[in-house]
Amino acid sequence: PILASAHESGCIRLWSIQGNIMKELLPFSEHPSGPLTALCRDIFTKILLAGSKEGHIICWNIASFLEDSQNRKNEIKEEVCWRAHATEVVDLFIEEEKNVVVTASIDGSVRLWHAMTGYYFGYFGQARKFELSDTSRLILPSDVNDFPAIIKGESKHMKKKKVKYPLMLDKDK
């Protein structure tokens, strides 16, 4: 068993029951997710989802890491990142049978997304029925204009860049 904690810095820490840090996760995405506000996992603990203050959802595959956390080859892979809301995500959960993520925001909206691709299905209260089998139509909610970013291959974690030299006025330029 492990514990997961989400932090204002945008990272997730995985802890052993003894209180030792096992892993620290930072998003790969080029758009920083901001402070994390919600965490959930699937029932088999293969997928870890995080919601952020800026409305992003980040999905990690943690299955191989949990099988053998001592093996350095078993890395945690970020699968997909998408903007789900224009405001803070306050709760989320994954429904494995339908492969759907449900997100809620402080704006009062509750939305449905495809878990592995971040495709938008709709919102609770809409007039039409949810069409959960069609993930080919890329539609977005009216307040979001960023398409999901599927993370491919071995990406390096985002790190805060340190500035070696301060900005200086160059009179020749």
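Colleague: In which sense do strand 2 and strand 3 pair, and over how many bridges?

Modeller: Keep in mind that this is a predicted model. Strand pairing is read from bridges. Here strand 2 and strand 3 pair in the antiparallel sense, over four bridges.

Colleague: In what order do the strands of the open sheet lie?

Modeller: The order is 1-2-3. Three strands make up this open sheet, and their pairing is antiparallel. Strand 1 (2–6) and strand 3 are the edge strands, as each pairs on one side only. On average, neighbouring strands of this sheet are turned by 20° against each other, direction ignored.

Colleague: Which residue in strand 3 is the bridge partner of Arg-13?

Modeller: That partner is Glu-24. Now look at the side chains of these residues. Glu-24 and Arg-13 also meet in a salt bridge, at 2.7 Å from N to O.

Colleague: How many salt bridges does the structure hold?

Modeller: The structure holds one.

Colleague: How is Glu-24 classed by its accessibility?

Modeller: The class follows from the relative accessible area: buried is under 20%, exposed is over 50%, and partly exposed is in between. Glu-24 has 38% relative accessibility, so Glu-24 counts as partly exposed.

Colleague: Let me try that on Ile-62. Is Ile-62 buried or exposed?

Modeller: Ile-62 is buried, because its relative accessibility is 2%. Find Ile-62 in the loop between strand 6 (56–61) and helix 1 (63–67).

Colleague: Which residues does Ile-62 touch?

Modeller: Leave out residues up to four places away in sequence. Then Ile-62 touches Thr-45, Lys-46, Ile-47, Leu-48 and Ile-76. Take Ile-62 and Glu-78: they are 16 residues apart in sequence and 8.7 Å apart in space, C-alpha to C-alpha.

Colleague: On to the rings. How many aromatic pairs does the structure hold?

Modeller: The structure holds two aromatic pairs. To read a pair, check the distance between ring centres and the angle between planes. Planes under 30 degrees apart count as stacked, over 60 as edge-to-face, and the rest as tilted. For Trp-82 and Trp-113, the centres are 5.9 Å apart and the planes stand at 40°, so this pair is tilted.

Colleague: Where do Trp-82 and Trp-113 lie?

Modeller: Trp-82 is in strand 7 (residues 77–83) and Trp-113 is in strand 10, so the pair ties together parts that are 31 residues apart in sequence. Trp-82 is buried, with a relative accessible area of 1%. Trp-113 counts as buried at 0% relative accessibility.

Colleague: How are the rings of Trp-113 and Tyr-120 placed?

Modeller: Their centres are 5.0 Å apart and their planes are at 55°, so the pair of Trp-113 and Tyr-120 is tilted. Both Trp-113 and Tyr-120 are buried.

Colleague: Which residues form the aromatic cluster?

Modeller: Trp-82, Trp-113 and Tyr-120 form one cluster.

Colleague: What about His-114: where does it lie?

Modeller: His-114 lies in strand 10 (residues 110–114). His-114 counts as buried, because its relative accessibility is 13%.

Colleague: With which side chain does the side chain of His-114 make a polar contact?

Modeller: The contact is with the side chain of Thr-117, at 2.9 Å.

Key. Residues numbered from 1 in each chain as written. Predicted model: local features only at pLDDT ≥ 70, side-chain atom pairs only at ≥ 80, totals over all residues. Heavy atoms only, no water. Salt bridge = Lys/Arg side-chain N within 4 Å of Asp/Glu carboxyl O. Buried < 20%, exposed > 50% of the residue type's maximum accessible area, 1.4 Å probe, protein only. Helix = DSSP H or I, 4+ residues; strand = E, 2+ residues; numbered from the N terminus. Contact = heavy atoms within 4.5 Å. Polar contact = N/O pair within 3.5 Å; in protein donor to acceptor, adjacent residues only side chain to side chain. Pairing = 2+ DSSP bridges. Axes fitted to C-alpha atoms, helices over the stretch in contact; angles between N-to-C directions. Phe/Tyr/Trp six-rings, centres within 6.5 Å; stacked < 30°, edge-to-face > 60°.
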